[in-house]
Amino acid sequence: MNFPLYIAKRYLRSASKNSAINIINRIAAIGITVGAMALFVVLSVFSGLREFSLSFSNNFDPDLKITATLGKSFFVTPEQDAQIKKIEGIAASSKIIEERVLFLFNGKEEVTYLKGVDSLFSKVNDVNKIIFNGQWLEPHTTQVVVGYGIAQHLSLGLFDMNNPFEVFVPRPGKGTIETPEEAFNKFKIAPVGIYAVSEELDSKYVFADLVLTQALLEFKLNQISGIECKLNPGADEAAVVSQLQSIFNNKVTVKNRAQLNDSLYKMLNTENVAIYLIFTLVIILILFAFSGSIFMVIIDKQANLKTLYNFGSEVKDLRRIFLLQGTLVCVLGGIFGLAIGSAIVFLQQQFNLVMITPTLPYPVVFSIQNVLVVFFTITLLGFVASWIASSRVTKKLLE
């Protein structure tokens with residue numbers, strides 16, 4: 001029989017004759033429970049905000065994007081195109097061209113990106129999720145889809161036949177420019193849709209047909225600036241990337257969604273760590289008080305400890321009693337705190353108790369990872385606090 005564990009359980013269940021010590025112990029136990037609950041709820045809220053923030057890029061960015069390692073564009077041969085389609089992990093792929101150009105509408109100007117896309121773009125990205133008004137463009141037409149921010153800045157409406165929407169693209173080449181017509185390729189385009197994703201992305205792109213974009217930039221038919229790919233569920237991303245690099249002889253750069261939004265992911269990860277450390281510091285302060293309450297129990301049980309010592313118990317076993325008692329309190333407090341925190345998270349998910357706006361509930365995500373992080377944190381810090389308090393059991397105290 002584990003003697004220290006048996007005594008620790010007895011001390012955990014039984015109350016002290018000193019009511020003040022009982023009150024202090026209850027407050028310390030409640031503090032641990034509340035600390036675990038608060039840490040779990042905050043991590044769940046941040047996980048929800050993280051998922052909410054990344055949902056914008058998830059609806060807009062592909063699973064994989066191929067771009068030129070050197071320069072702005074590269075060439076794709078029919079053989080390479082066929083090889084990409086044969087890769088098992090790729091569900092669909094779409095050729096694109098991106099270039100910063102000038103747009104003019106009713107005397108207002110906007111410099112932003114023209115993004116040429118082919119007919120397969122809607123299979124790689126779910127365009128229906130981002131369309132705010134109007135419709136998606138038809139292939140091989142002069143139709144375009146503009147961002148909500150661009151439409152606001154230009155006061156642009158859809159199907160406006162009275163005011164032309166024009167795009168100006170600098171002409172490539174050398175030599176002296178004598179007239180504005182020689183400097184730009186100019187074309188009238190027809191807005192048929194407005195997309196809305198986020199404030200930043202809504203002011204970034206005007207989508208147009210790939211062939212039209214190639215003509216404006218004077219690209220060749222097989223010259224593009226990128227290929228966007230959608231992966232099959234469960235596809236081996238590393239294997240797909242390796243095959244793509246092999247097809248292009250390692251002359252292209254292949255990035256996944258996280259790499260395309262590298263700064264956003266870094267910011268969210270940094271914020272997550274900072275929030276965890278802040279609340280862990282709060283828990284450490286709570287456990288300092290808990291350590292003091294264990295020492296008070298040691299003083300209260302001093303007579304019993306002397307009896308056990310006189311019966312032959314070693315000091316290290318007596319220390320283990322309070323080490324185990326404190327650890328058990330932290331484990332139980334962590335479990336109760338996680339249970340309460342999980343209930344709060346599920347209630348928010350089901351009933352939207354807290355709202356950011358009248359129509360947008362505060363996002364929360366229940367994650368097993370957060371459960372393990374909180375439980376490990378409480379248990380580890382509780383063990384350290386209990387070890388510090390139990391070290392006060394010495395021969396001097398028992399003699």
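This is a predicted model: local features need pLDDT of at least 70, side-chain atom pairs count only at pLDDT 80 or more; totals for chains, interfaces and linings use all residues.
Residues are numbered from 1 along each chain as its sequence is written, and side-chain values use heavy atoms, with hydrogens and water left out.

**Helix α10 against α12**
- The axes of α10 (residues 262–300) and α12 (residues 315–351) come within 11 Å and cross at roughly 140°; axes are lines fitted to C-alpha atoms over the stretch in contact, with angles from 0 to 180 degrees between N-to-C directions.
- Helices here are DSSP runs (H or I, at least four residues), as are strands (E, at least two), numbered from the N terminus.
- Contact (heavy atoms within 4.5 Å) is made by Leu 287, Phe 290, Ile 294, Val 297 and Ile 298 of α10 and by Phe 322, Gln 325, Gly 326, Val 329 and Cys 330 of α12.
- These contact residues are eight nonpolar, two polar and no charged; Ala, Val, Leu, Ile, Met, Phe, Trp, Tyr, Cys and Pro count as nonpolar, Asp, Glu, Lys and Arg as charged, and the others, Gly among them, as polar.

**Helix α2 against α12**
- The axes of α2 (residues 19–60) and α12 come within 7 Å and cross at roughly 40°, so α2 and α12 are oblique to each other.
- Residues of α2 in this contact include Ala 29, Ala 36 and Phe 40, and those of α12 include Gly 333, Gly 337 and Gly 341.
- The contact of α2 with α12 divides into 13 nonpolar, seven polar and no charged residues.

**Nonpolar cores**
- In the largest nonpolar core, of 40 residues, Ile 66, Phe 74, Phe 165, Ile 227, Leu 244 and Phe 248 touch the most other members; a core is a set of buried Ala, Val, Leu, Ile, Met, Phe, Trp, Tyr and Cys residues joined through side-chain atoms within 4.5 Å.
- Strand β3 (residues 90–105) gives the largest share of this core, five residues.
- A second, separate core of 36 residues includes Tyr 11, Ile 321, Cys 330 and Ala 389.

**Loop residues with positive phi**
- Most residues other than glycine have a negative phi.
- Asn 106, not a glycine, has a positive phi of about 50° and sits in the loop between β3 and β4 (108–117).
- Asn 106 counts as exposed at 55% relative accessibility; exposed means over 50% relative accessible area, buried under 20% and partly exposed in between (1.4 Å probe, protein chains only).
- His 140 has a positive phi near 60°, lies in the loop between β5 (131–134) and β6 (143–147), and is exposed at 67%.

Note on methods
Angles under 35 degrees count as roughly parallel, over 145 as roughly antiparallel, 65 to 115 as roughly perpendicular and the rest as oblique.
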